[in-house]
Amino acid sequence: MLNFLKDFEEKLDIKITCSQETEPLGTAGPLALARDKLIDGSGEPFFVLNSDVISEYPLKEMIKFHKSHGGEASIMVTKVDEPSKYGVVVMEETTGQVEKFVEKPKLFVGNKINAGIYLLNPSVLDHIELRPTSIEKEVFPKIAANKKLYAMVLPGFWMDIGQPRDYITGLRLYLDSLRKKTSSKLASGPHILGNVIVHETAKIGEGCLIGPDVAIGPGCTIESGVRLSCCTVMRGVRIKKHACISSSIIGWHSTVGQWARVENMTILGEDVHVSDEVYSNGGVVLPHKEIKTSILNPEIVM
């Protein structure tokens, strides 16, 4: 992860500072740990973003919203179809002032949930102790009780991508959004079906059919006659001739053999090698493994 961030420092010409926990501190404790790095004396608010969600990030609009209400903290909320699965944010519709949070409500109290995008004044850090603590359950309810917490409804898509199946859904929503906003980033051609993103350094052979909802990373080689749909193929992967992959995640520097079939939320860790003509039905394979026989039912291969 640190190497990945170093690449981005150079690409974006910014400085990225890491604050590392030695023990898990929950969702608020790490802010107390990084206090010295977050407070620069300017009094300006700072963003806190959950890294396991994918969405549109209207950060400029959020700064404007935060300054307009004069509260201590702003959170983004997103509308969901099944609020009973989440913690619901109950808010005053016109001002956005948050009244309370209701965890997994049995009766309908609203359909807006915390989207994991926050803008906080430095004073919020005074509410957080350096111990394992939850920003959602301990810190925000206190600020809401003081009528200083406001919520803004997130426009566009949102998905929690902490689970592989949700990651694939998140990919679909992201590619949909690209299609609407900057469709020039998407691949096109007779071998492309629906929304597909291909890194410029990836090589694709003849007679392939790719899509919908596929992401192909840098340095990948997709040999001829390959079929890919609803999947992510990470950096340095080789997919050999006539392999078929759907609804799966292929980890860095892995290979999938000729005529192999990989489907139903198969997840290959880094450097996994699937032999020719092998079938994987929902196998979760840990890194540095060679798969020589078919995985007929979903299982973890250690």
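Ile239 touches Thr221, Ile222, Glu223, Val226, Val233, Ile245 and Val256, leaving aside residues up to four places away in sequence, where contact means heavy atoms within 4.5 Å. The model is predicted, with local features needing pLDDT of at least 70 and side-chain atom pairs counting only at pLDDT 80 or more, while totals for chains, interfaces and linings use all residues. Residues are numbered from 1 along each chain as its sequence is written, and side-chain values use heavy atoms, without hydrogens and water.

Ile239 also belongs to the largest nonpolar core, which has 29 residues, and is one of those that touch the most other members, together with Ile210, Ile216, Leu228, Val233 and Val256. A nonpolar core is a set of buried (under 20% relative accessible area, 1.4 Å probe, protein chains only) Ala, Val, Leu, Ile, Met, Phe, Trp, Tyr and Cys residues joined through side-chain atoms within 4.5 Å. At least two residues of this core come from each of strand S12 (214–216), strand S14 (227–233) and strand S16 (244–250), strands being DSSP runs (E, at least two residues) numbered from the N terminus. S14 gives the largest share, three residues. Another core of 23 residues, including Leu120, Val124, Phe140 and Ala144, lies apart from it.

On the scale of the whole chain, the domain assignment gives domain 1 (1–160) and domain 2 (164–300), with bounds that come from an automatic or database assignment. Their centres, taken over C-alpha atoms, are separated by 33 Å, and the contact between them takes six residues from domain 1 and seven residues from domain 2.

Key:
Buried means under 20% relative accessible area, exposed over 50%, partly exposed in between (1.4 Å probe, protein chains only). Helices (H or I, at least four residues) and strands (E, at least two) are DSSP runs, numbered from the N terminus.
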